[in-house]
Amino acid sequence: RESDHRAWTPVSYTVTRQNATVQGLTEGKAYFFRIAAENIIGMGPFTETTKEIVIRDPITVPDRPEDLEVKAVTKNSVTLTWNPPKYDGGSEITMYVLESRLIGKEKFHKVTKEKMLDRKYTVEGLKEGDTYEYRVSACNIVGQGKPSFCTKPITCKDEIAPPTLDLDFRDKLIVRVGEAFSLTGRYSGKPAPKITWLKDDIVVKENDRTKIKTTPTTLCLGVLKSVREDSGKYCVTVENSTGSRKGFCQVNVVDRPSPPVGPVIFDEVHKDHMVVSWKPPLDDGGSEITNYIIEKKDAHRDLWMPVTSATVKTTCKIPKLLEGREYQIRIYAENLYGISDPLISDEMKAKDRFRVPDAPEQPIIKDVTKDSAVVVWNKPYDGGKPITNYIIEKKETMATRWVRVTKDPIFPGTQFKVPDLLEGCQYEFRVSAENEIGVGDPSPPSKPIFARDPIAKPSPPVNPEAVDKTKNSVDLSWQPPRHDGNGKIIGYLIEYQKVGDEDWKKANLTADSCPETKYKVTGLTEGLTYKFRVKAVNAAGESEPAHVPDPVEVKDRLEPPELILDANMAREQHVKAGDTLRLSAVIKGVPFPKVSWKKEDREVSPKADIEVTGVGSKLEIRNTVHEDGGIYSLTVENPAGSKTVSVKVVVLDKPGPPRNLQVSDVRSDSCYLTWMEPEDDGGSVITNYVVERKDVASAQWVAISSSSKKRSHMAKYLMEGIQYLFRVAAENQFGRGPYVETLKPIKAIDPLHPPGPPKNLHHVDVDKTEVSLVWNRPDRDGGAEITGYLVEYQEDGADEWTKFQTVPMLDCVVTGL
């Protein structure tokens, strides 16, 4: 029953178990329930619930709290925070329970006070150095839920934080002299850091102009009425037990520069100009010197005249001076922040004191090679100022322009090796001297020289010998000299001496007439004995002579002929028709043999070109034809003997015509052709035959076979009654030969046979001197129309038949019997 009603409502009458589910209740209402047992006798008394029951969903303990975090740690306290559980169990959280466990102990102990609902708690009264871990649970009306996950072990000690530094100034700071500047920033750290200021690695101390101010979170260094000495690299250090941070600032206190450093030096003094120099200021004011301002003043006047304000060099030319007047120079330095006090020179009179050096004397050239030469000269008068450099120039003799040989200074030596000359070119050289005033005039040009290596006479030729002789000449041969003296060998001089004479005679007058290492000495007398010697010659002169070891007697030397065959004189030489046939051989023998060429033991064709030289012979036939083939022989003969060689020459050409073309077995649509191979196959195997036919009424030949290798062919597909001509040609790898043709046309008809005998011959009338005969046609006409019948008669008992006449019809009257 509902708690505010008196009436009971039955739920079930048939429950046999000790439990029951009551349905249909209203959420939020309060009910009482009662239950009675029943047996067959009846129902017993009810038992009622002691208190009302409110209908709602079941309530559980809350989930575990989340995100338990340690926020702060000191040596005797720990501050923790957490978030509520995701689910409160169906009932609001009534309090949180925070527990801790000393590392090394097993149990957790409650550390929070009763009814704590805050989610932040500071555990105090801890012992420094102890280590704890913590967990927290949530409670609702049902009870205490699961604890959160434990924190990491936390040791009680003062919290530390490394220093931080946040600066308000940049790496560089420029301040004008007299202005104030300050360097500020913020910092943090646990324990509280120590602040130190340094300038150029020296601790900054406070004074009247320098102030240092530090708070727990800010720092500041201030400088009043800055001076140039305040420039430098400032450093602030923030440091505690955990580390340090540094900040830097390059402070540049700028001002106008100090005056240039004197004295003013007069480097050059002339009648109309001077060149002065000075040293930069000791202090550039903290900013680069942008320029110098130079002014001049006549010593007897008060007016300063500007010279230039645009120079950045510490030297300047003072122009437009009057000769003999005395002048003063003053110089200011300028930077971005102003102009310095001036530097004033002593008085100086404008007059010439120095000049450029004189021209050196004509230089001498020595040690010339193909690409270099050494130039030597004497030192000229220096013009009053020391010579600082020599300038050497070169030019080719035919050129007009002088070119410096090097941009590098040449000093103090008075000779120089000029490189990079072109071999064979002719050069001149000249030298100029230079001092502070300038470059003097050049020397006179040197004598011209050719760029080439120095030449010495060559060494003698090597191993001269007599290699051949005749009745009036001797052939000499030698090797070049071992050393050519760095000069090209122009040639050789050959000399000879008759044994017993003292004078040597020249075989050649000039060396260039014998550039080779061999020479034939002619005009000698048969039977005499001679000595020979050879000299090598270059541009420097003649070498020492080299002698042929033994005297040579001049007479003919007999050597039997010798043939050294070239490759084209092998046993068989093939040449394609139309090409050129070349046969050649090297011939030796003393005296030189007589040469003769033969073909098949007859004279060679007039079209053959035959050439005989002192070392060999050559036969050449252009545009060869098949008839040029055959056995060629070369015979060489001298008094010491003879020698002959032969070579078979095959001129490869198209084959000749086939032979004996015959036509047989003629039919109305075919015939059979036969022939024999050509007498001449052109020097190459016949590969096939070409067979063609032609209707006598047509001009066109038609191929009927082009690949037959046999010497016969069946000509098919003829038209009956048409007359045909046939022709055959042979082919090899060099082409198709001429055709052979049938002599007369062949008519395409079947072959004819004699007709059969007439049938049924009998007489129909008889007279005393004549008989009338009749007969029938024969069974076969032999393939052609019967043109007539031959009638013969025989006297009984005789051997011979007598011809009577030929009649066209099937009857005949035989008379004259």
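Predicted model: local features only at pLDDT ≥ 70, side-chain atom pairs only at ≥ 80, totals over all residues.

Biologist: Where does D67 lie, in a strand or in a loop?

Modeller: In a strand: D67 lies in β5, which covers residues 66-73.

Biologist: OK, and which phi does K320 have?

Modeller: K320 has a positive phi too, of about 60°, and it isn't a glycine. K320 sits in the loop between β25 (315-318) and β26 (326-335).

Biologist: Is K320 buried or exposed?

Modeller: Exposed. The relative accessible area of K320 is 75%, so it is past the 50% cut-off for that label.

Biologist: Switching to omega. What is the peptide bond from G262 to P263, cis or trans?

Modeller: That one is cis, with omega near -5°. P263 is placed in strand β21, residues 261-269.

Biologist: And what about the bond from F411 to P412, cis or trans?

Modeller: Cis as well, with omega near 5°. P412 lies in a loop, the one between β33 (403-404) and β34 (415-418). For background, most peptide bonds are trans.

Biologist: New topic, strand β47. Which residues are on its covered face?

Modeller: β47 runs over residues 572-576, and its covered face has Q573 and V575. The uncovered face has E572, H574 and K576.

Biologist: How does β47 run relative to β54, parallel or antiparallel?

Modeller: Parallel. β47 is joined to β54 (residues 641-652) by 5 bridges.

Biologist: Which residue in β54 is the bridge partner of H574?

Modeller: That's V650. So you've got H574 on the uncovered face of β47, with its bridge partner V650 in β54.

Biologist: Last thing, the annotation. Where does UniProt place the "domain: Ig-like" feature?

Modeller: The UniProt record, an unreviewed entry, puts it at residues 163-252 and 561-646.

Biologist: What's the helix and strand content over residues 163-252?

Modeller: 0% helix and 64% strand, with the end C-alpha atoms 28 Å apart.

Biologist: And over residues 561-646, how far apart are the end C-alpha atoms?

Modeller: They are 16 Å apart, and that stretch is 0% helix and 62% strand.

Technical notes. Residues numbered from 1 in each chain as written. Heavy atoms only, no water. Helix = DSSP H or I, 4+ residues; strand = E, 2+ residues; numbered from the N terminus. Buried < 20%, exposed > 50% of the residue type's maximum accessible area, 1.4 Å probe, protein only. Pairing = 2+ DSSP bridges. UniProt positions renumbered as here; feature names shortened; annotations may be inferred.
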